Amino acid sequence: MTMNTATRSPRTAARFACDSIGVCRGAGAVRCATVVSSMVLAILFAAGCGEGRRDDGPAPSRRVVVLGFDGVDPNLLEQWRDKLPNVSKFMDSGTFRRLQSTTPPASCTAWSSFTTGLNPGGHGIFDFILRDPKTYLPDRTGAVSHAAEYRFGLFPKTPETFTSTMSGQAFWTTADHAGKRSVVLRVPCIYPLEELQHGYEQGGLGLPDMRGSEGTFHYWSSDLSPRDAANPDLGGKVLSLANAKDVETVIEGPVNPLSPSHERLSIPLKLKAAGKDALTIETSGRTETVEMGRWSDWFRLGFKVTPLSTLHGMARFRVLEVEPNLRLYLSPINHDPADPAIALTEPPSYSKELQRAVGDFKTVGWNHETWGLNEERIDEEAFMQDIWNTFRETEAITMHELEDKKTELLVSVFVETDRTSHMMYRLMDPEHPRYDAALAAKYGDSIQKTYQRMDEIIGKVSAKLGPKDVLLILSDHGFHSWRRGFNVNSWLIEQGFMTLKGGAKSTERKFLQDVDWSKTKAYALGVGGIYINQQGREGKGIVKAGDESERVAKDIAARLRKVVDPKTGKPAVAEVYLAKETWKGARLADGQDLQIGMVPGYRVSSATPLGGAPEGLFEDNKKKWSGDHATSQTSATEGILLSNLKLGTQDEAATPSILDMAPTILTLLGVAVPPEYDGHALAFTAAPGGE
Ligand SMILES: [Zn+2]
């Protein structure tokens, strides 16, 4: 695997330490280097150093504002058009088009193409996993962590840093090099953030929680089921409480950076029943009585590493039950934006500036309670309340940044539309195995409500724009119900492309542990990817590279296209994409050899992404995660493009692609489009405001 280290080097200690105390925006590096040698000196410097914004020059004559709404589906948008007055306005007088997604139409793959202007073969993000061909093990794509270092075992020398598995350069970095000032908020999968001279970035999906995960909740109960007790980390941290009304337990936070055995830092948590439906919660020096049925305010949590170093986080509690059983939920622990241990923004001090301007906000990349709802620890009401809270946070930051008229490019991405579609699709699809009429009566319009909230935000943003400003609104892919799961590895076994040790036809174990590689030609990992077990590439490859490998891939594709779900008698696979016909670029070799595109209603089963091969080829999806898009047919999973501008005649007939966004935005900014881009700049004819 090749990584682009040229544009994404880990930050230096000096830069972070200086920046994090607000000394050196635009100030000399020498001064920074001096400061880092002594924390005391640094504080003295900070006291005398103004925080003002970089490049306080004149305001541009035209701003380009780009709003992303993850997973907004064009069919649903048209269906609900009458309830979306601001969207309707653009449909009538501006532009509304379907926007081609990437193959696969998965968020990280598509947003990486939005960011870099490259197809997955160029940026290398083909899936949410990146498999190691030598070991056949999946690893996450995105940010790779490098541990913090401590000086004398007392105070931080370098913070935890990250490198990226994505190649290519963000288009706003290209604009930055041309002197343009941009503000980029929560674009998914761009963490670690590229350094900018004139701009500001806030990290989104890819930023870990304090435990280093995508978002691990805590769940305490005095009545754990045997299954819970046997799997203390099932979907989150599951902890047992004594059956008492006055108990002490702990919150398990980050790994202690000084612990050779990677032990976690914990802080005490005291709980005391306050009547039948409230709990008094005491931790990290704060006590609050929290009633059932609402999220607590943020609790700031300090995890002490040494007497001179504390890692700062924050999280919210939800009291689920007080009597007869005590049940308590704690959201994933976010890095505190006011005092983070890792860079949450570029520059790192920007998160503090935002916190001062708009108050506390979540910083973990996956910033919704999908795992809590999917594991059925919290209910729909808790999930949706949190969706509205998070919508407000991103809206507040976006509106705050819109007030700064010197920004030439503002990009802000909201993901609430995607997360709600994943979790609530079942309640607007009577054919879904988890459809529930009573719940549907209450929450069946949840997805529609997130579209209405999107419409409201579009209206508020539009009202702040000047007559020459350009507004682009896009989504990265569409959405489908996910009723049935397809066990791809089980199918490969049935078809003779994969053999399990001892000739078994299925296994309960993940990570391809039971595969007999000497008799296996192909294996599936990730959301619909299939890899040929190729000689010289895979650790125990048996298929020769070149003609033989291509013959096997084509044979698999031909047979997959004929797969029928025995329950319905109808095809389940709409299309199979072969790597060489689908992608091009320097990272092509890192991707899957084939990608499945399933018909609406189907996704690869939940066991498939991590290399499972359970019994049976198809299964009902019995989880609340009920909508999906990542293994769908690309042409049936388009996103949306809306604008206050009108498209020119040359682009009227064709469907624009998410690959066209980077060149289009750079062209609108008057910046030269890099020759390596895969898309083209869309030609808009009419300027906004009738000019
Ligand atoms: Zn999604």
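Guide: Ala, Val, Leu, Ile, Met, Phe, Trp, Tyr, Cys and Pro count as nonpolar, Asp, Glu, Lys and Arg as charged, and the others, Gly among them, as polar. By these classes, the lining of the second largest pocket has 7 nonpolar, 5 polar and 6 charged residues. This is a predicted model, where local features need pLDDT of at least 70 and side-chain atom pairs pLDDT 80 or more, while totals for chains, interfaces and linings use all residues. Residues are numbered from 1 along each chain as its sequence is written, and side-chain values use heavy atoms, without hydrogens and water.

Visitor: Which residues lie closest to the centre of the second largest pocket?

Guide: Q534, E550, A579, K580 and D593, out of 18 lining residues. Lining residues have an atom within 4 Å of a pocket point (1 Å grid, 1.4 Å probe; an open set with protein on both sides within 12 Å along at least five of seven lines). The space comes to about 390 Å³.

Visitor: Which helix gives the most to that lining?

Guide: Helix 17, with 4 residues. Helix 17 (547–560) and helix 18 (579–582) each supply at least two. Helices here are DSSP runs of H or I, at least four residues; strands are E runs of at least two.

Visitor: How do you know whether H422 and H629 are buried or exposed?

Guide: Buried means under 20% relative accessible area, exposed over 50%, partly exposed in between (1.4 Å probe, protein chains only). H422 has 4%. H629 also has 4%. Both count as buried.

Visitor: Why is the link between C108 and C189 called a disulfide?

Guide: The S to S distance is 2.0 Å, and the cut-off is within 2.5 Å. The whole structure has 1 disulfide. Both cysteines, C108 and C189, are buried.

Visitor: What makes the disulfide left-handed?

Guide: The torsion about the S-S bond of C108 and C189 is about -75 degrees, so the disulfide is left-handed. C108 lies in helix 6 and C189 in the loop between strand 9 and strand 10, so the pair ties together parts 81 residues apart in sequence.

Definitions and conventions
Grid points are joined across faces, edges and corners, and a volume is the space filled by probe spheres set on the points.
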